[in-house]
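Q: Hi, I have a structure open and would like to talk it through step by step. Could you help me read it?

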Amino acid sequence: LWMSGPLQVHRTAHTLVLVDGSAREARVVARHAAAAVPVVRRVLPQWRRGLVVEVPASVDALERTLDADPGTYDQIAAVTTSADGQLTPEAPVHVFVNPDVYGGLRSTGAQVVMSHEATHVATEAFRSTMPLWVVEGFADYVALRDVDLPVARSAAQIIAEVRKDGAPRSLPSAEEFGTRTPDLGATYESAWLANRLLARDGGQAALVRFYRDVDGGMAVGRALRTELGLGVAAFTQQWRGLLQDLAS
């Protein structure tokens, strides 16, 4: 990004924000980044590495920065990945913002996005092989945990889908998280509700242990039985019931 020209740069003790844009845009993003750090640390207090955020001038510039195909990130407000393309524990992990989407969000929505991506940084999710409903749903759980919004609003897209087509038969697949997938927002919301359900029934500490266990290679079914005493089928049925209740 720094090769594209002069940048707006904001630093705190825990954040570094680089913006190819206006001073106002940079101040807004820097404020969201600074607020995201304590949001994540309330759930993951061991995270101390801090947060680096890069904001290219446009979605096209973002895709050039990430060497991605055109259109890959049209629907995505931000993405977390290594800055050098490596998948090692030592790789520098940054949040890359799509200003064309992020800039159109209201303040609360933009903050949720930044806190979600900061969770990915804290958990090194960019190199995880976990099911994406765990990775993305956990990040949304952290980001939305202290946000004062009714579930009917935070999960409006999946609720609408359930009212139209009924509850999904299975937890979201990797294909449903494709960046060009229709109804991507509903997929994220359904994953969030699955993680929220786990925290509701087992407690936040159980959700964090579940995430760590699955990230460490434990099968999802075994991790669910350990924390909730349920297998995948039973948990899926509870999740479907929750979706149906919200849509009723």
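Predicted model: local features only at pLDDT ≥ 70, side-chain atom pairs only at ≥ 80, totals over all residues.

A: What follows is a conversation about the overall build, the core and a few single residues.

Q: How much of the protein counts as buried?
A: Of the 248 residues, 49% count as buried. If you look at contacts with a separation of 6 or more, residues 24 or more positions apart account for 63% of them.

Q: Which residues touch the most other members in the largest nonpolar core?
A: That core has 72 residues, and the ones touching the most other members are L51, V53, M114, W133, L193, F210 and F235. There is also a second, separate core of seven residues, which includes L62, Y73, I76 and V79.

Q: Let's pick L193 then, what is it in contact with?
A: If we leave aside neighbours within four places in sequence, L193 is in contact with V151, A155, I158, W239, L242, L243 and L246.

Q: Switching to aromatics, how many aromatic pairs are there?
A: The structure holds four aromatic pairs. F177 lies in the loop between helix 7 (156–165) and helix 8 (184–202), while Y188 is in helix 8, so the pair ties together parts that are eleven residues apart in sequence.

Q: Is F177 buried or exposed?
A: F177 counts as buried, because its relative accessibility is 8% and the cut-off for buried is under 20%.

Q: Which residues form the aromatic cluster?
A: W133, F210 and F235 form one aromatic cluster, and these three residues are also among those that touch the most other members of the largest nonpolar core.

Q: Now helix 4, how far apart are its end C-alpha atoms?
A: The end C-alpha atoms of helix 4 (residues 107–123) are 24 Å apart, which agrees with the 24 Å that its 17 residues should span at 1.5 Å a residue. Helix 4 is mostly covered, with 14 of its 17 residues buried.

Q: What comes after helix 4?
A: Helix 4 is followed by E124, whose phi is positive, near 55°, although E124 is not a glycine. E124 is found in the loop between helix 4 and helix 5 (132–144), and it is partly exposed, with a relative accessible area of 21%.

Q: Which other residue has a positive phi of about 55° although it is not a glycine?
A: D67 does, and D67 is found in the loop between helix 2 (59–65) and strand 4 (78–82). At 72% relative accessibility, D67 counts as exposed.

Q: What about helix 9, which of its residues are buried?
A: The buried residues of helix 9 are A206, L207, V208, F210, Y211 and V214. What covers them includes helix 4, helix 5, helix 8 and helix 10 (220–228). Just after helix 9, G217 takes a positive phi of about 115°.

Q: Last one, where is L18 found?
A: L18 is found in strand 2 (residues 15–19), and at 11% relative accessibility it counts as buried. The C-alpha atoms of L18 and L7 are separated by 6.2 Å, while the two residues are eleven residues apart along the chain. Not counting residues up to four places away in sequence, L18 touches L1, W2, L7, Q8, V9, V53, E54 and V55.

Terms used:
Residues numbered from 1 in each chain as written. Heavy atoms only, no water. Helix = DSSP H or I, 4+ residues; strand = E, 2+ residues; numbered from the N terminus. Expected span 1.5 Å × (residues − 1). Buried < 20%, exposed > 50% of the residue type's maximum accessible area, 1.4 Å probe, protein only. Core = buried A, V, L, I, M, F, W, Y, C linked by side-chain atoms within 4.5 Å. Contact = heavy atoms within 4.5 Å. Phe/Tyr/Trp six-rings, centres within 6.5 Å; stacked < 30°, edge-to-face > 60°.
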